Amino acid sequence: MKHICPVCGYKGFDEPPYHDCKNFEGGSFEICECCRFQFGVDDDVELENGKFLTIRDAHRIYRNIWLSFDAPVFMPYYYPTEYQENGKVKRDYLEKQFENIGINLNK
Ligand SMILES: [Zn+2]
């Protein structure tokens, strides 16, 4: 069974991205082949004075930035070719991926 990236919804991980996936604790340090997010690194964002972004917010902000670039595929060689076009995730597939993480792209 493959695990889902909580940022882009891509189902491509052999290991869960977090040891505790409910609370997003214990990042695996794996990098998503689709959106390039690294668990345990890109979700560790200090704002100021030792205050950190919540992991959920870090995911959301990263996702929005990634989307603003039209969802570029980080590793096109590994990511299924039928789901990409010009190095980006095809829109209809992106919608499906986002359904995996409960996000409706058309809202
Ligand atoms: Zn991802």
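Let me begin at a single residue: Gly-102, which lies just after helix α2 and takes a positive phi of about 70°. Helices here are DSSP runs of H or I with at least four residues, strands are runs of E with at least two, and both are numbered from the N terminus.

Before I go on, a word on the model. What we have is a predicted model, in which local features need pLDDT of at least 70 and side-chain atom pairs count only at pLDDT 80 or more, while totals for chains, interfaces and linings use all residues. Residues are numbered from 1 along each chain as its sequence is written. The mean pLDDT of the protein, where pLDDT is the predictor's confidence in each residue from 0 to 100, is 94, and 100% of the residues reach 70 or more.

I return to α2, residues 91-100. Which of its residues are buried? They are Leu-94, Gln-97 and Phe-98. Down the axis of α2 these buried residues fall within an arc of 100°, so they line one face of the helix; the arc is that of the directions from the helix axis to the C-beta atoms. By buried I mean that 20 or more other C-beta atoms lie within 10 Å of the residue's own; exposed means 12 or fewer, and partly exposed is in between, with C-beta atoms placed from the backbone. The face turned away from the buried side of α2 carries the exposed residues Asp-92 and Glu-99. The cover over the buried residues of α2 includes β8 (88-89).

Now to the other helix. α1 has 14 residues and spans 20 Å from its first C-alpha to its last, close to the 20 Å expected at 1.5 Å a residue; that expectation is 1.5 Å times one less than the number of residues. Its buried residues are Ile-55, His-59, Arg-63 and Trp-66. They cover an arc of only 75° around the axis, which puts them on the same side of α1. Exposed on the other side of α1 are Asn-64, Ile-65 and Ser-68. After α1 comes Asp-70, with a positive phi near 65°.

In the loop between β6 (51-52) and α1 (55-68) sits Leu-53. Is Leu-53 buried or partly exposed? Leu-53 is partly exposed, because 16 other C-beta atoms lie within 10 Å. Leaving aside residues up to four places away in sequence, Leu-53 touches Val-45, Leu-47 and Ala-58; a contact requires C-beta atoms, placed from the backbone, within 7 Å. Leu-53 and Asp-43, ten residues apart in sequence, are 7.8 Å apart in space, C-alpha to C-alpha.

Next, the core. The largest nonpolar core has 16 residues, of which Cys-5, Cys-8, Cys-32, Cys-34 and Cys-35 touch the most other members. Such a core is a set of buried Ala, Val, Leu, Ile, Met, Phe, Trp, Tyr and Cys residues joined through C-beta atoms within 7 Å. Not counting residues up to four places away in sequence, Cys-32 touches Cys-5, Val-7, Cys-8, Tyr-10, Phe-37 and Phe-74.

Finally, the protein as a whole. Two helices and eight strands are present, in the order β-β-β-β-β-β-α-β-β-α along the sequence. Of its 107 residues, 23% count as buried. The C-alpha atoms fill a box of roughly 45 × 30 × 25 Å along the principal axes.

Key
Two residues are in contact if their C-beta atoms, placed from the backbone, lie within 7 Å.
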